[in-house]
Every structure is written in C-alpha cells, then in structure tokens.
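I set out here what I looked up in one model, entry by entry.

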Amino acid sequence: MTDMSSHSLSAGTFTRRTLFLVAFLAALPFAASSPAAALNPAETFIDQNVQKGLAILSDQALPDTQRKAQFRTFLLSLVDLDRVAMFTLGSARRTATDAEKAQFRDAFRDFAVSIYESRLNAYSGQTLKVTGSQPTGRGDTIVKTVLVDPNSSSKQPLPVSFRVSNSDGKQVVIDVNVLGVWLAIEERDQFSSFLGDNGNRVTALIAHLKDLTRQMRAGAPLPGQK
C-alpha cells in the first residue's frame with residue numbers, strides 16, 4: 001500500500017485527493033435523470049448516457065463479470081480516456097517515448113475503469129438533472145447539472161459540470177467538475193508532482209497506476225469507503 005504520509009512520493013496527495021474525487025464522480029453515471037426540456041445535443045448526450053449507466057447498474061440478473069464488461073464498454077464510449085490520459089501526462093508527453101505513452105494510456109485506462117468497477121453498487125437513489133449548458137472558446141460545451149442525494153444530510157443540490165467535446169462527429173466527455181475542481185486538471189497536477197519527485201520517469205508513474213489498480217481490484221477501499 002502506498003505510504004499516504006510520505007511527501008517523497010507525491011502519490012500521497014494524489015491518492016487521497018484524486019481518488020476521492022473520482023470515487024465521488026463514479027456514482028454520477030448511475031444517477032437517475034430528471035426530465036429536462038429543450039435539451040441541446042450536448043445536454044441530450046449527458047442525459048441519455050445517465051440512462052444507459054442506470055440500465056447497466058439496475059440489471060441484477062447479469063453475473064458480476066458481465067456487468068463489469070458491459071460497464072467497461074459503456075465507460076469507454078462515454079469518456080475519451082486516451083485523450084484524458086495524454087492531457088493528464090502534461091509536459092511529460094513531450095519527452096516520453098511512443099512506447100511509454102502507449103503504456104501510460106493502457107495503465108490510465110485500467111486505473112480509471114477499476115475505480116468505476118469498484119463502485120458498481122454505489123447507486124442509492126441519487127438524481128441528476130441537466131440545468132443548462134454553455135459553449136467554450138475551444139468548441140467544447142460545458143453541460144451543467146445538479147446532483148441530489150436523498151441519503152445526504154445536506155439539502156442543497158450539488159452542481160456538477162461535464163465538459164463535452166465533439167470529436168470527429170462523436171460526442172465524448174473529457175472532464176468533469178465537482179466541488180469546484182476539474183478532475184483531469186487535478187490529475188495532471190498530481191501526476192506532475194509525482195513525476196517531479198521521481199526523476200520525471202514516466203515508467204514510475206505507470207508502475208504506480210498499475211499498483212493502485214491492483215489494490216482496487218483486490219478489494220482495497222477507496223477514500224470514503226469502509
């Protein structure tokens with residue numbers, strides 16, 4: 001297990017903060033969607049994929065291995081994980097070899113999917129409602145939603161935003177904002193800190209992601225889980 005108190009491996013901060021955010025976000029595709037009127041294409045994309053995620057979650061007749069396989073396919077169609085991976089690698093992608101970048105994409109993809117797999121049973125009545133959207137200067141669309149959790153002591157809905165990109169005619173999610181933090185940007189900063197403490201070796205970051213993935217698939221709890 002990574003030493004969470006060690007500053008020599010910035011993975012301490014990375015593991016606590018990034019995994020907490022991703023674990024929280026993992027419940028979002030499963031939240032039941034509330035109806036919204038006059039949705040634009042990006043809003044419709046988010047709204048419809050909420051329903052797809054919920055359908056996978058709700059199908060208790062499927063064996064666990066099949067549910068995980070279906071969910072992996074769903075997640076890879078919803079989020080451009082390869083694009084997100086290269087963004088999170090930051091400036092290191094300019095010096096990494098083609099082989100290292102390919103290995104990092106694979107490790108990042110498995111890491112992200114394993115977090116979501118570990119939360120397949122997290123749905124407990126949350127609702128997600130699209131409230132609007134706004135275009136960005138880069139051609140993407142920020143889709144705004146609110147999450148209402150009936151199990152939370154807070155009565156205030158939580159604002160959550162999805163950054164949707166139209167890539168070659170296909171819409172994909174490339175980032176999510178919750179608690180005021182854009183996840184991909186947070187991961188990029190944490191990866192950069194980790195690399196700075198480990199000789200800028202992309203191979204060290206790859207090994208670290210693989211280790212975290214193994215821990216989660218072995219049943220290690222995520223932040224916030226007991």
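**Entry 1: Salt bridges**

I noted that Arg109 and Asp106 are 3 residues apart in helix 5 (residues 98-117), which means that about one helical turn separates them. Helices (H or I, at least four residues) and strands (E, at least two) are taken as DSSP runs, numbered from the N terminus. I record that the model is predicted, that local features need pLDDT of at least 70 and side-chain atom pairs pLDDT 80 or more, and that totals for chains, interfaces and linings use all residues. Residues are numbered from 1 along each chain as its sequence is written, and side-chain values use heavy atoms, with hydrogens and water left out.

I found a salt bridge between Arg109 and Asp106, with the closest N and O atoms 3.0 Å apart. The term requires a side-chain nitrogen of Lys or Arg within 4 Å of a carboxyl oxygen of Asp or Glu. In general, side chains of opposite charge can pair when their charged atoms come close. The structure holds 8 salt bridges.

I then checked accessibility, where buried means under 20% relative accessible area, exposed over 50% and partly exposed in between (1.4 Å probe, protein chains only). Arg109 is buried at 17%, whereas Asp106 is partly exposed at 40%.

I looked next at helix 7 (residues 202-217), where Arg214 and Asp211 are 3 residues apart and so separated by about one helical turn. Salt bridges with shared partners join Asp82, Asp106 and Arg109 into one network. The side chains of Arg214 and Asp211 form a salt bridge of 3.7 Å, N to O. Arg214 is exposed, with a relative accessible area of 52%, and Asp211 is partly exposed at 26%.

I also listed the salt bridge between Asp189 and Arg188, at 3.7 Å from N to O. Asp189 is partly exposed at 39%, and Arg188 is partly exposed at 28%.

**Entry 2: Two loop residues**

I located Asn200 in the loop between helix 6 (183-197) and helix 7. Asn200 is not a glycine, yet its phi is positive, at about 55°. With 56% relative accessibility, Asn200 is exposed.

I placed Pro157 in the loop between strand 3 (141-148) and strand 4 (158-167). Pro157 is partly exposed, at 38% relative accessible area. Setting aside neighbours within four places in sequence, I found Pro157 in contact (heavy atoms within 4.5 Å) with Val146, Leu147 and Val148. Pro157 and Leu128 are 29 residues apart in sequence, and their C-alpha atoms are 9.3 Å apart.

**Entry 3: Second largest pocket**

I used a 1 Å grid over the protein atoms alone, on which a pocket is an open set of points where a 1.4 Å probe fits, with protein on both sides within 12 Å along at least five of seven lines; lining residues have an atom within 4 Å of a point. The second largest pocket holds about 300 Å³ of space, the volume being that filled by probe spheres set on the points, which are joined across faces, edges and corners.

Which elements each supply at least two residues of the lining of this pocket? They are helix 4 (81-88), strand 5 (170-178) and helix 6. Helix 4 gives the most, with 3 residues. The lining includes Arg83, Val84, Phe87, Asp140, Arg163 and Trp182. By class, I recorded 6 nonpolar, no polar and 5 charged residues. Here Ala, Val, Leu, Ile, Met, Phe, Trp, Tyr, Cys and Pro count as nonpolar, Asp, Glu, Lys and Arg as charged, and the others, Gly among them, as polar.
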